[in-house]
Each structure stands twice: as C-alpha cells, then as structure tokens.
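These are my notebook entries on a structure that I had not examined before. I wrote down each point as I looked it up.

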Amino acid sequence: MNSVCKSIVVSTIIIFAGLAATGEEYNSSDAVLRHEIKQLKDLILGIQEESVRDTERLQQEIETLRNGYESQISELNQKITRIEAGKSSTGESVGIAKTSRKIRDNSFNPSIGVILNGTFSDYSEKDSEMFGFGIGEEGERGREGLAIDESEINFSANIDDKFYGSVTAAIVREEGSDIVELEEAYIQTLPDFGLPGGFTLKAGRAFWTLGYLNEHHTHGDDFADRPLPYRAYLNKSFNDDGIEVSYVLPTGFYTEIGGGAFRGEDFPVGDPTGSSPQSYSAFFRVGGDLGDNHSWRLGGYWLGANANERGSNEDTVTFSGESDLYGADFKYIWAPTGNANESEVILQTEYFQRDEDGVYDDTNVGTGPVAFDDSTSGWYAQSVYKFHPQWRVGIRYSELQSADTPVGLVGSALDAAGYDPHSLSVMIDWTNSEFSRLRLQYSHDELSRGGEDDQLILQYIVSLGAHGAHKF
Amino acid sequence: MRYLLLFTAGFFVLCPRAVYAKVRVFACEPEWAALAEEIGGDQVSVFTATSARQDPHYIRAKPSLIAQIRKSDLVIGSGASLEVGWLPVLLRKAGNSRITPGNTGFFMTSEILPLLEKTGASDRSHGDVHPDGNPHVHLDPSNISLVADELVERFVLIDSENQAYFRNRHADFSRRWSAAKARWNDLVGSLRNKKVVVHHASFSYLENWLGLSRIATLEPKPGLPPTTTHLEYLLTILRKHPAAVILRTPYNPDKGSVWLSAKTGIPALELPYTVGGNEHCQDLFSLFDHTLELLQGMTDVK
C-alpha cells in the first residue's frame with residue numbers, strides 16, 4: 001500500500017513539474033528552470049530510493065517472521081515427537097500399574113444416565129377394567145393423552161475393589177403429583193470380594209431375577225407397555241428390598257442358578273410383619289449359541305410369598321395367604337452372521353402360573369373375607385424383526401387364564417366370570433442412534449367381557465449420558 | 001443332602017485344576033485371538049467372542065459369552081469404549097476375579113497404544129464418539145508389535161512355568177513380524193497420499209501407517225447409518241475431488257459404498273479388516289499381506 005501511495009505522489013509530482021515547466025517557459029530564465037527541474041528530479045529520486053528501502057525493509061521483516069515461525073514449528077514438532085516417544089516407551093515397558101484401565105466414561109465419578117420418556121396415548125374405551133386377578137396400581141393402563149412416562153436417573157460405579165453400586169430413581173406421576181420412586185438401590189459384589197468363582201451377591205432394592213422382563217427397566221422393552229402377566233402378577237415389576245445370590249457354573253454351556261430372600265413389601269407380597277423375609281425366590285437359566293447366527297436362553301423361576309394384606313384395585317381388594325408364582329421364559333435371537341447391528345429377529349415368550357391359598361376381601365362390594373385356593377396363569381409371546389439398522393417391527397400376544405370364582409366373590413372385582421383377558425399389540429420403532437428411539441404402537445385389548453379397547457400409543461425414549469448395556 | 005454337599009465341595013476342589021491346564025484366553029476381537037495364538041501356541045486355548053462379520057461395538061451380552069468369560073484367565077480386547085455395551089455386563093455377571101480390570105488377566109490394548117482421533121470431552125450430537133480415541137487400533141503393524149510385547153508379559157505372569165516357551169514364541173513372532181513389516185514398508189510407497197473414502201472410521205490406523213488421506217466417511221456421524229442426503233452430498237464432493245477408493249469392513253452393509261461407486265466410478269472395496277475377514281486372511285500376516293494386495297490392486301488401476 002505504502003509503495004502504491006508513493007508511486008501516485010511521484011507521478012503527480014512529475015505531472016506538476018511538467019506543467020510548471022511548460023507554464024513558466026516564457027517568464028523565467030533557463031538557469032532557474034534547470035535548477036528547479038534538478039531539485040524536482042532529486043526529490044523524485046529520493047522518494048524512489050526511500051520506497052525501495054521500504055520494500056526491502058518489509059521483505060526483511062517478513063523473512064524474520066517466517067524464520068521465527070519455522071523455528072517455532074520445528075520446535076513443536078520436536079516436542080510432539082518427544083511426547084509420542086515417551087508414550088510408546090511407557091507402552092512397551094511392562095507395567096500393569098502404569099496403564100489407566102478405563103472402560104467406563106469417567107473413572108471416579110459414577111456413570112450417570114438419564115432416561116426421558118414421553119407418550120401420546122389414545123384409548124377407545126373410557127375405562128380399562130380386568131376382573132379376576134386383583135391388579136395393582138402400576139399394572140393399570142397408562143395415562144391417556146400427552147404425558148411423560150417414568151423419567152429415570154441412574155448413577156452407577158464400582159465402589160471399590162469389592163463392590164459395585166447402582167441407584168435408579170424414577171420420577172412418576174401418581175394421583176396428580178410427581179413423586180420420586182426409588183426403583184433400584186443396590187450393591188453387588190465384585191469378583192475381588194472373595195466369593196468362590198462365579199458367585200455374585202446382590203443386596204438392596206433391585207429388579208430381581210424373575211422371568212425375562214422383570215430384570216429390565218421398562219424403557220428397554222420392545223413394546224410401550226408390559227404384557228398382561230406382568231401387569232397382573234407383578235404390578236409391572238418385582239423390586240422389593242432384599243438379597244439375591246447367583247452362581248454361574250464353570251461349564252462350557254451357560255448355566256446359572258440362584259435365589260433370594262425379600263422383605264415382602266412389594267407386590268405380590270404385602271405388608272411385612274416381623275423381621276423375617278416374607279418372600280423367597282429361586283431360579284435357573286441355561287443358554288448358548290447355535291452356530292454364528294442363533295443364540296438362545298431358557299429359564300425357570302419361583303417366587304414364593306407369604307402375602308399379608310396385599311392391596312390391589314386401588315386398595316379396595318386385599319389378599320392374605322400363600323402366593324406362589326412359577327415362571328418360565330425363553331428368548332431366541334437370530335442375526336445373520338451374528339451381526340445384530342444390521343438385522344435380527346427376536347422371539348421372546350414367558351409363562352407364569354400363580355397358586356394362591358388364602359383369603360380375598362373386596363371392600364368395595366363388601367364381600368368380607370372369602371377363602372380362595374386356586375391357580376391362574378398367564379403368558380405372552382412376542383417377535384421383533386429389525387429389517388433396517390434403524391427400523392424394527394414387532395407383534396405381541398398376551399393372555400391370562402382366570403380361575404373359577406368362589407361363590408363369596410361373585411360380583412366382586414375378583415369375579416372373572418369365566419372370561420380370559422387377552423391383548424394383541426403391533427409396533428414399529430425407529431432407532432436413530434443407540435440413544436434415541438421413537439415408537440408407534442397399536443393394541444387391541446379385550447380385558448373384560450365386551451370391553452374392547454383400541455389403543456394407539458406414540459412414544460419417545462431417549463437416554464443421556466452413560467452408554468447403555470446391550471442386554472441379551 | 002449330605003451327598004449334595006459332598007458333590008458341591010468336590011466340584012470346587014477339582015474344577016480349578018482342570019481349568020488351569022492351559023491359559024484360557026477370551027479375545028473380544030479376532031485380531032487379538034490370532035495374536036494370542038501366535039504367542040501362546042499350544043499352551044493357551046483361545047475363545048473369540050466376535051467374528052469378522054460382526055460389528056464389535058454392537059454385541060449383546062449373550063449367555064455363551066458369560067459362560068466363556070467365567071472360565072477365562074485373560075481377557076484381551078481393544079478397549080477405548082469399543083466393548084462398552086457388553087464387556088462390563090459380562091464381567092459383572094461372571095464373578096471371575098482373574099479378569100477384573102486392574103488385574104493381569106484384563107488387557108485392553110488401546111491402553112498401551114498411542115491413540116488417534118482423541119475427541120476429549122464431547123457430546124453425542126457428534127455421533128457415538130469415543131472420547132478416549134479411535135479404538136480400531138490393530139491395522140498398524142507397529143501397534144501389533146507393542147501389543148505382542150505386553151501380551152507375552154501377561155502370559156508369563158499368568159503361567160510362569162511356561163515362561164521360556166512364551167518368550168521363545170514371542171521372539172520368533174517378533175522376528176517374523178519385523179521382517180514382514182520391512183517387506184510391507186517397501187511395498188506401500190505407492191499408496192502414500194492416496195485419497196480414500198471410508199464407511200466408518202475403522203481404518204484410521206491403516207491410513208495413518210500408509211499415509212492414506214481420508215476425505216470423507218459414509219456415515220454422516222459416527223455410528224449412524226449412511227443417509228441419502230449425506231450420500232448425495234458426498235457425490236458432489238467426490239465429483240469435484242475424486243478419491244482413489246471407497247473402503248468398508250466385512251460387517252458394514254455394502255449398499256452405500258456400492259451406490260457411490262456406481263455414481264462416481266470410484267471402486268468400492270471391502271477390506272478384510274480383521275483375521276477371518278475373507279478366506280485369504282487366516283492369521284495376522286495374511287491379513288496385512290492381503291489388505292495391501294487389495295489396496296495396491298485397486299489404486300494401481302487408477
């Protein structure tokens with residue numbers, strides 16, 4: 001810029017000089033003119049020299065800058081090389097202690113996971129009643145219209161070398177207010193605790209090992225609601241306070257056995273009395289692969305409960321007595337070359353039978369205590385097909401088999417009148433990433449005689465934070 | 001009841017004997033299984049949890065894997081949250097103190113290697129990112145050497161009786177590997193600065209070693225399948241700045257790369273990615289041999 005300005009100045013001076021020379025031709029002497037021209041020439045030359053010097057100085061400055069940068073860059077390069085060399089030398093040395101061994105997101109703070117979950121539901125029937133089983137509050141149909149479902153917050157981490165801990169709190173809407181429900185709060189032994197190999201002990205509150213779905217949080221389910229047996233027998237899920245031990249056998253074939261003892265406060269138990277556990281469980285599981293494409297798991301379960309005043313149907317119905325729940329589950333996954341990321345078919349089925357020997361009382365109808373000694377059963381089967389990495393479709397049928405109604409309970413909430421509730425659902429869901437899913441579900445429920453309920457549910461489920469587990 | 005107790009007691013006393021006959025290795029990916037076999041030879045028995053046709057990130061904690069990890073003496077995997085969805089579940093279920101993180105029997109190879117593409121703190125609008133760095137570490141022969149050096153130490157710590165055997169095998173492997181590395185390095189000059197498009201960032205260490213220059217990925221964000229919009233966008237880019245080849249692994253679907261190849265005339269190539277990735281790649285040597293062969297064949301045509 002500088003030199004351009006100077007050129008303009010120089011040219012202007014030359015032009016003016018020329019004009020001056022011609023204009024003063026007549027009234028000035030040659031000597032004066034020549035002197036002035038010489039002065040002008042000197043001036044011009046001076047300016048030109050200055051501009052040349054300026055340019056040279058500029059070039060020098062640029063050179064100095066460039067040299068500076070180049071030396072800085074090479075210095076940085078050397079530093080990088082040194083750092084990398086340092087790293088690989090740590091890598092090559094044998095030092096187990098030197099490595100960081102991090103497999104979770106944050107090494108000391110617990111993993112934090114948040115689940116957000118919302119639905120829009122439209123039901124054709126105003127009420128959804130199911131007779132003959134005594135349904136707990138969470139086993140009932142979800143809220144109609146726009147609603148958020150359970151919003152969950154989970155913290156989990158290895159506590160030290162011997163224990164793992166996890167807590168999950170769900171914020172739910174119940175009777176017009178948002179309440180916090182402690183779904184899980186447990187500790188679990190790590191192998192360094194010192195139990196014989198394959199043993200794990202879990203204590204606190206947890207979704208205990210019982211069937212397939214019970215262990216899992218509802219946001220991981222393949223359908224927007226739980227199938228009928230879970231709604232009737234487990235009030236959606238069994239997560240009493242208690243303790244459970246499990247043992248994985250050292251066999252080539254996966255075999256696990258275990259059992260637990262529970263406080264007896266959660267459905268299907270009731271109000272505990274005294275210090276001894278009111279409920280016990282036992283289970284076994286086997287499973288394996290067939291070639292690369294197929295994997296399966298089969299399990300058998302028992303949950304025995306000494307129920308005391310187990311409340312259901314908004315606490316108008318109570319049951320006291322022995323309640324034994326027997327279950328079986330089977331899960332089979334087919335994925336071409338075992339690559340479930342691209343496509344897979346999941347078949348899942350569970351069967352439950354509940355034997356009850358005790359006393360039912362429906363205060364709404366005023367039946368008074370009526371002896372009940374019978375069994376009911378329920379099952380569901382579902383299949384989900386992933387036909388695109390992000391798209392899945394599924395179908396589910398579930399059914400309950402009611403018991404004969406004792407004379408004293410005729411006309412009460414426990415009178416199924418020989419009717420077996422059943423429900424058929426279809427769904428399609430879109431999984432954008434491992435962390436978000438949208439689902440559309442249609443269900444046709446026939447839970448009581450003549451009560452046909454068409455349900456449309458639109459749902460979103462997202463998870464923030466910790467990377468979820470790829471459960472089987 | 002008494003017989004049952006006796007049986008159970010006998011079970012615990014006798015079983016560990018049988019288990020310790022050989023070092024049982026649970027390899028999360030086939031490349032580490034192959035390396036464990038190179039160094040462990042007859043003294044190890046190796047179970048491979050995944051195959052070359054499975055995306056090692058999207059594995060379920062299957063019953064068969066629980067049974068295997070329950071019995072293993074060493075777990076070797078890539079780490080850097082590649083197995084985050086399933087390995088922690090297996091470890092918690094198995095109740096096996098030999099392989100808990102921090103013990104000799106737990107070896108995540110990324111922990112001893114210089115990692116590429118460390119994103120540091122990030123959020124998931126960038127896709128399923130691995131903040132610790134890219135976990136697909138094995139396609140650089142120098143990384144294999146580093147892992148081999150550490151693996152032999154682990155074997156020696158687990159089974160010191162066979163120390164000489166493991167060290168001999170390791171020395172032999174290192175000799176052959178160095179020779180192969182020298183051979184490969186002579187071959188690969190022609191690949192330097194070739195432009196490549198990849199399905200997912202599965203080949204970053206190969207690119208880094210060979211000096212390939214990655215200009216795009218088919219996935220719009222890590223972990224998200226290719227979308228039509230993104231492929232159209234890549235098409236306009238590649239028409240202006242053509243690449244030499246479009247790369248994918250055996251577990252990536254071929255649709256995106258085949259479509260883009262047909263539109264641009266740039267060849268699409270399925271690299272074996274790991275041992276067993278195609279019929280030619282039965283060990284680590286043939287994996288690298290064949291990978292380079294494929295790449296050279298493809299880029300020479302251009």
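How far apart do the C-alpha centres of domain 1 of chain B and domain 2 of chain B lie? I worked on a predicted model, and there I found the two centres 26 Å apart.

**Entry 1: the domains of chain B**

I took the bounds from the domain assignment, which places domain 1 of chain B at 13-183 and domain 2 at 189-301. I then looked up the contacts between them: 26 residues of domain 1 of chain B meet 24 residues of domain 2 of chain B. On the domain 1 side, α2 (30-40) and α5 (141-158) of chain B each supply at least two residues. I noted that α2(B) gives the most to this side, with 5 residues. Sorted by class, the side of domain 1 of chain B that touches domain 2 of chain B holds 11 nonpolar, 7 polar and 8 charged residues.

**Entry 2: chain B as a whole**

I recorded 10 helices and 8 strands in chain B. Its radius of gyration is 21 Å, close to the 19 Å that the globule rule gives for 302 residues, so chain B is as compact as a globular protein of that length. Along the principal axes, the C-alpha atoms of chain B fill a box of roughly 80 × 40 × 35 Å. I found that 52% of the 302 residues of chain B count as buried. I also looked at contacts in chain B between residues at least 6 apart in sequence; 62% of these join residues at least 24 apart.

**Entry 3: where chain A meets chain B**

How many residues of chain A are in contact with chain B? I found 51 residues of chain A in contact with 53 residues of chain B. On the chain A side, the elements giving two or more residues are α2 (30-92), β6 (199-205), β9 (279-290) and β10 (294-312) of chain A. The largest share, 5 residues, comes from α2(A). By class I listed 18 nonpolar, 21 polar and 12 charged residues on the side of chain A that touches chain B.

I followed strand β12 (residues 344-362) of chain A to strand β13 (residues 370-388) of chain A; they run antiparallel and are joined by 17 bridges. Within this pair, E350(A) has Y380(A) of β13(A) as its bridge partner. I then went on to strand β14 (residues 391-401) of chain A, which runs antiparallel to β13(A) and is joined to it by 11 bridges. Here G378(A) stands opposite L400(A) in β14(A). A hairpin through 2 residues joins β13(A) to β14(A).

Methods: Residues are numbered from 1 along each chain as its sequence is written. Chains are lettered from A and ligands numbered from 1 in the order in which they are written. This is a predicted model: local features need pLDDT of at least 70, side-chain atom pairs count only at pLDDT 80 or more; totals for chains, interfaces and linings use all residues. Helices (H or I, at least four residues) and strands (E, at least two) are DSSP runs, numbered from the N terminus. The radius of gyration is taken over C-alpha atoms; the globule rule is 2.2 Å times the number of residues to the power 0.38. A residue is buried if 20 or more other C-beta atoms lie within 10 Å of its own, exposed if 12 or fewer, and partly exposed in between; C-beta atoms are placed from the backbone. Two residues are in contact if their C-beta atoms, placed from the backbone, lie within 7 Å. Domain bounds come from an automatic or database domain assignment. Ala, Val, Leu, Ile, Met, Phe, Trp, Tyr, Cys and Pro count as nonpolar, Asp, Glu, Lys and Arg as charged, and the others, Gly among them, as polar. Two strands pair if DSSP finds at least two bridges between them.
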